[in-house]
Amino acid sequence: MSTDPATLNALASEVEAGTGPDRELDARIEDTIGPSSEYPGLHLLGGFTAGRKAWLLEFSPRYTASADAALGLMEQALPGWSYCLQQSFSGRPTAWLYDPDEDYDEELPMPSFPARGDAPTLPLAIVAAVLRAAARGEG
């Protein structure tokens, strides 16, 4: 998994700017933070080679199309984390992620939400929040 915060935050911004399902983004998400990003030898020659890209375009989960796939990414990248999903006043879905094991302030009986994603679709909002949490070194 890539742990470079600048890369993760830039990808989160791209995800939030998306308009819907996008296989190119799915492939980049998988290559950056998905389960196959940790398999030895898949970063051929240290880069996103044509063969690897073709494989990722074909087999990456459809993170940007499916809330289930996006939540699966959260479970893999942020084990044990919880989420709050809502539609903002602007009509855009928003995903808030938090670690339920975090110690809460007794005067503030709700969790802090270290990661938020706001995008045109629910899957995009969830993925953006996961990327932002990973950029903070969470998970």
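What share of the contacts in the protein chain with a separation of 6 or more comes from residues 24 or more positions apart? Such residues account for 59% of these contacts, a contact meaning heavy atoms within 4.5 Å.

## Basis of the description

This is a predicted model, in which local features need pLDDT of at least 70 and side-chain atom pairs count only at pLDDT 80 or more, while totals for chains, interfaces and linings use all residues. Residues are numbered from 1 along each chain as its sequence is written, and side-chain values use heavy atoms, with hydrogens and water left out.

## Overall architecture

The protein chain holds five helices and three strands, arranged along the sequence as α-α-α-α-β-β-β-α. Helices (H or I, at least four residues) and strands (E, at least two) are DSSP runs, numbered from the N terminus.

Of the 139 residues in the protein chain, 40% are buried. Buried means under 20% relative accessible area, exposed means over 50%, and partly exposed lies in between (1.4 Å probe, protein chains only). The protein chain exposes about 7400 Å², with carbon and sulfur atoms supplying 54% of that area; accessible areas come from the Shrake-Rupley method with a 1.4 Å probe, and for residues only the protein chains shown count as cover.

## Nonpolar core

The largest nonpolar core comprises 31 residues, and Ile29 and Val130 have the most contacts inside it. At least two residues of this core come from each of α1 (5-17), α2 (23-32), α4 (67-77), β2 (93-98) and α5 (122-135). Helix α5 gives the most, with 11 residues. A nonpolar core is a set of buried Ala, Val, Leu, Ile, Met, Phe, Trp, Tyr and Cys residues joined through side-chain atoms within 4.5 Å. In soluble globular proteins, nonpolar side chains tend to be buried together.

Leaving aside residues up to four places away in sequence, Ile29 touches Leu11, Val15, Gly34, Tyr63, Thr64, Leu73 and Val127.

## Helix α4

The buried residues in α4 are Ala69, Ala70, Leu71, Leu73, Met74 and Ala77. Their cover includes α2, β1 (82-87), β2 and α5. At the start of α4, a side-chain oxygen of Ser66 comes to within 3.2 Å of the backbone nitrogen of Asp68.

## Salt bridges between helices

Five salt bridges are found in a search of the whole structure, each defined as a side-chain nitrogen of Lys or Arg within 4 Å of a carboxyl oxygen of Asp or Glu. One of them joins the side chains of Glu14 and Arg28 at 2.8 Å, N to O. Glu14 lies in helix α1 and Arg28 in helix α2, so this pair ties together parts that are 14 residues apart in sequence. Glu14 is partly exposed at a relative accessible area of 37%, and Arg28 is partly exposed at 31%.

Another salt bridge links Glu16 and Arg132, whose closest N and O atoms are 2.6 Å apart. Because Glu16 lies in helix α1 and Arg132 in helix α5, the pair ties together parts that are 116 residues apart in sequence. Glu16 is buried, with a relative accessible area of 18%. The side chains of Lys53 and Glu24 also meet in a salt bridge (3.3 Å, N to O). Lys53 lies in helix α3 (residues 50-59) and Glu24 in helix α2, so this pair ties together parts that are 29 residues apart in sequence. Lys53 counts as partly exposed at 28% relative accessibility, and Glu24 is partly exposed with a relative accessible area of 40%.

Terms used:
A polar contact is a pair of N or O atoms within 3.5 Å; within protein, one must be able to donate a hydrogen and the other to accept it, and residues adjacent in sequence count only if both atoms are side-chain atoms.
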